[in-house]
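Hi everyone, thanks for coming. I'd like to walk you through one structure today, so please have the sequence and the model open.

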Amino acid sequence: MRLIKNSLLAIMLFCTIIAHAQQPTQAREHLLMDAGWRFALGHAYDTKKDFNNGTSVFSYMAKAGYGDGAAAEDFDDRAWRKLDLPHDWAVEQGFSPKGTNSHGYKAIGRNFPEASVGWYRKTFAILASDLGRRVHIAFDGVFRNSIVWVNGHYLGTEISGYSSFEYDITDYLNYGGDNVVAVRADVTLEEGWFYEGAGIYRHVWLNKTNPVHIPANGTFVTAQVNGREAAITANVTVRNDNKTAKIFNIQQTIVDAAGKALATASLQQLSLKPFEEKDFSTTSQLQNPMLWDIENPYLHKLVTNIKDGDKVLDTYTTTFGIRTIKFDADHGFFLNGKHVKIKGTNNHQDHAGVGAAMPDALQYYRIASLKAIGSNALRCSHNPPTPALLEACDKLGMVVIVENRLMGITQYHFGELKNMILRDRNHPSVISWSIGNEEWGIENSPMGARVASTMQAYVKTIDSTRPATAAFSGGIGSQGITTVMDLLGINYIANKNTDKQHQLFPQQALWGTEEGATVATRGEYMDDNKQHYRAAYDTAQNKDSYSIERGWKHYAQRDYLAGMFIWTGFDYRGEPSPFDWPSNVSLFGMLDYCGFPKDDAYYLKAWWGDKPALHILPHWNWAGKEGQEIAVWAYSNCDEVELFLNKKSLGKKAMPLNSHLEWKVKYQQGTLLAIGYKGGKKILEDKVQTTGDAVSIQLAADKTAINADKEDIAVLTVDALDKNNLHVPTAGNNITFSIEGPGKIIGVGNSDPTSLEVEKYVETVQVAPIENLKEKIVDGLVNRPETAVGYDDNKWGNAFKDIRDEAFAKTNTALVYRGIFTMPDSMADATVTLLYKCIGTEQSIYINGKLLAANIKQENGSNQFAVGKKLFAIDKSKLHPGKNVIAIVGSPLIRKNQWHTPNMDAGVFQIIYPAAQYKRNLFNGLAQVIVQSTGEAGVIVLTANANGLKQASIKITAQPSVKRPAIAE
């Protein structure tokens, strides 16, 4: 009877699937897949600690669907930590002198095998109605060497931690049921020489399309602007994943920023063979189009519809900008026919408190901070960026060099380069593709010239609208990449002559891809080798680099140089030159690791900005140095600056172009005031004052309202004030933070380059496995003396020694299992849960002789291979530190056939310690807190406390907003 019932159910399910497959499929869905992942650290070489992945008789490389261990579909990941993406597990690790200098001494990498492999798993539902569609899982970036499985099926490996990639998972899915994606990332090998993060640190997406669809990055929009008219060419790739040929139409509509349709073009009666992919193109004319530029970054959209008659098969929206770019060998860079001097910065992809896992809103914060100091360009050093960064540059008006990770001409190198260009080619902010950076092994050789020439030519086959560049660090020579690049990037003019290069290659365009590597610690004005601080007076790192001022003067004075990119915009983790342990943050930034401006930023604001500017340094708290001379500098674009100490003039000086002014001032407490003059008239003033000790805390947010979408953030500045409400530039108080309402703290920082403080406070998950499981066959399930805590089980045999078949079941209907589990010494704040997996069809569980749960049924349904999973909260009074006893009385699980192995794992005890309260020391008076929405509307209240200081609170409104379409947790 059961066989007939199961057969009928199978027939009904098959008919339902066929019916859904014949129904019209929906258009495209692009779903965020960031919420509700499970995470645990594995191990670089110990397979047992790496969840036994790759240890089965058949590996996942041997047979389809044989992902084992944590890659298996039925792996029990309930004990793993739950989190949302983006996630960087490296920023959660501590510091160690055994870590590498280049990566900021974080305790990851080759010397830390227990912290260098991370596993992620997520269970997600797929509708039965999705059968017949194509489903892809897409990763914006996983650091690094990622392996991905879905439902135990191996999908592929992406070596680079910077490349976006996706997999077609259509035929591996359980339609109308749950599915599991597993990702293993391994950061044992460093890809760069700077902090890189670890894990799924960018977004993950689930894309559902019709079989006739536009593949990822399948459009390319270009514009030919002629006077008041623009010809817009829209190339589109269409793919047919049906098993039969298909006929379709293409309709493309250009839409302005207000949503108004400006032009429409179409192609009719097109055809594709099964699994064929082709490119198609339309051209539309626009009159008086709005152009994208730095001051007005106006964006259009191209909406491409693939249609079968009136039925829309796919809709693909492409954001683009209409603009022209030109690099002239004699006159530099032109945007929309207007000469623009490149005023750029280099930047890595990490930020204080969050590491490489930056929320999208933090990208906007950082780009806006760079624009505020006058920068108009950014170089992605030295890797393809997250797509969110380029979206911010598109919307805020910042031109970009997108940089390839590694030079080379093999299929691998070309594949990575092509994927980068295809992904980013529609961003109007992108003005150049960099094929490589400082490839010292080849850049000065004929081999380097061949490699660079080949890569440059290859770039042009994919995108001929932008030039390729390469960042060169050697001296000017007659061989190497300097001889072949159309647009040569120069790193550091201290050891090379740009005039000579221009003379030797007059048709070659030039710009400075790295310049002005100064070393400065925010708020420090005397070198301190013991504390690893460098005075913030624009001092070059060494003889091989220039100061910011000297570098900018060189580029500003030469029309043939398109401009320069300073090393760097922001400080970043790693490369703490010229220091080593315990320094772990670089000193090169114009802005520090939190984004607080250093004094160099005000030099740029004066000479890169378009508004009057005046800034003096240093601070004026120098107790003990009364009567000693202090170097006072003024950064300004005023005609003249006059300096006063306690209202006494110390002289008025004319401001040289692209320079600064200096005074030697004997210190006395009081006020140092600078007045800027333009045309003889006072227009600006800036002052620093001697302060008292800190008495209170001040909190300020970059915005006081955020979207309640689980993604948006507010960046808060924590400041120490004296009794006169003056910023105390030397304060180092320890501040503790608490938060209420629909928000959470996701990171804290202070930009102290030697700080070893915790940046992220996360819950700690420990696991106590059930070990040494023994068994005894008994004659009944009730009132068993074997469950007593002191029962002697020394003569019992190991559990599951006998084969659990029908013969066993006939003579053995009840068993008692006993095992031990070890609890930690301290459980005061912990929550303990038994994550049980049924080892009987019915069972009762005892902890240290006390009943935990009675008569628990496995309840597998019709799936004989499923494991009955139960969850029990444990009263900690039943536990004690050290060894504890679990006893299970139950009826045996029996295998249904020879290849079925009943569950023999009783589960684990999970011990969760809550995250500690966030805290941070002020560094030179400042710290930063990043607060993120938890998804609900309401008021977030952040409070800061410190011993001896008046506390401060700030309110941030999480306002109702439309969340991005997403997969449910």
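**Helix α7 and its surroundings**

Let's start with a helix: the buried residues of α7 pack against β22 (342-347), β27 (487-491), α6 (498-504), β28 (509-515), β29 (561-566) and α8 (599-608). Contact here means heavy atoms within 4.5 Å, and helices (H or I, at least four residues) and strands (E, at least two) are DSSP runs numbered from the N terminus. Before I go on, a word on the source: this is a predicted model, where local features need pLDDT of at least 70, side-chain atom pairs count only at pLDDT 80 or more, and totals for chains, interfaces and linings use all residues. Residues are numbered from 1 along each chain as its sequence is written, and side-chain values use heavy atoms, with hydrogens and water left out.

Which residues of α7 (548-556) are buried? They are Ile548, Glu549, Gly551, Trp552, His554 and Tyr555. Buried means under 20% relative accessible area, exposed over 50%, and partly exposed in between, with a 1.4 Å probe and protein chains only.

Now to Phe923, in the loop between β52 (919-921) and β53 (926-933). Phe923 is buried, at 5% relative accessibility. Leaving aside residues up to four places away in sequence, Phe923 touches Thr521, Arg522, Glu524, Tyr533, Ala731, Asn750, Ser751, Asp752 and Pro753. Glu759 is 164 residues from Phe923 in sequence, and their C-alpha atoms are 14 Å apart in space.

Next, some strands. Strand β54 (938-946) pairs with β40 (734-740) in the antiparallel sense over five bridges, and there Ile739 stands opposite Leu942. Pairing requires that DSSP finds at least two bridges between the strands. β54 also pairs with β55 (949-959), again antiparallel, over eight bridges, with Ala946 and Leu949 as bridge partners. β54 and β55 form a hairpin with two residues between them, and Gly948 in the turn has a positive phi of about 85°.

On to salt bridges, each a side-chain nitrogen of Lys or Arg within 4 Å of a carboxyl oxygen of Asp or Glu. How many salt bridges does this rule give? The count is 42.

Take Arg964 and Glu711, whose closest N and O atoms are 2.5 Å apart. That pair links distant parts of the chain, 253 residues apart: Arg964 is in the segment after β55, and Glu711 is in the loop between β38 (705-707) and β39 (713-721). Arg964 is partly exposed at 31%, while Glu711 is buried at 19%.

Glu786 and Lys776 form another salt bridge, at 3.4 Å between the closest N and O atoms. Glu786 sits in the loop between β43 (771-778) and β44 (797-798) and Lys776 in β43 itself, so this pair ties together parts 10 residues apart in sequence. Glu786 is buried, at 2%, and Lys776 is partly exposed, at 29%. Elsewhere, salt bridges that share partners join Arg134, Asp168, Arg239, Asp241 and Glu277 into one network.

What about disulfides? With the rule of a pair of cysteine sulfur atoms within 2.5 Å, the count is zero. Cys393 is buried, with a relative accessible area of 0%.

That's my tour, and I'm happy to take questions.
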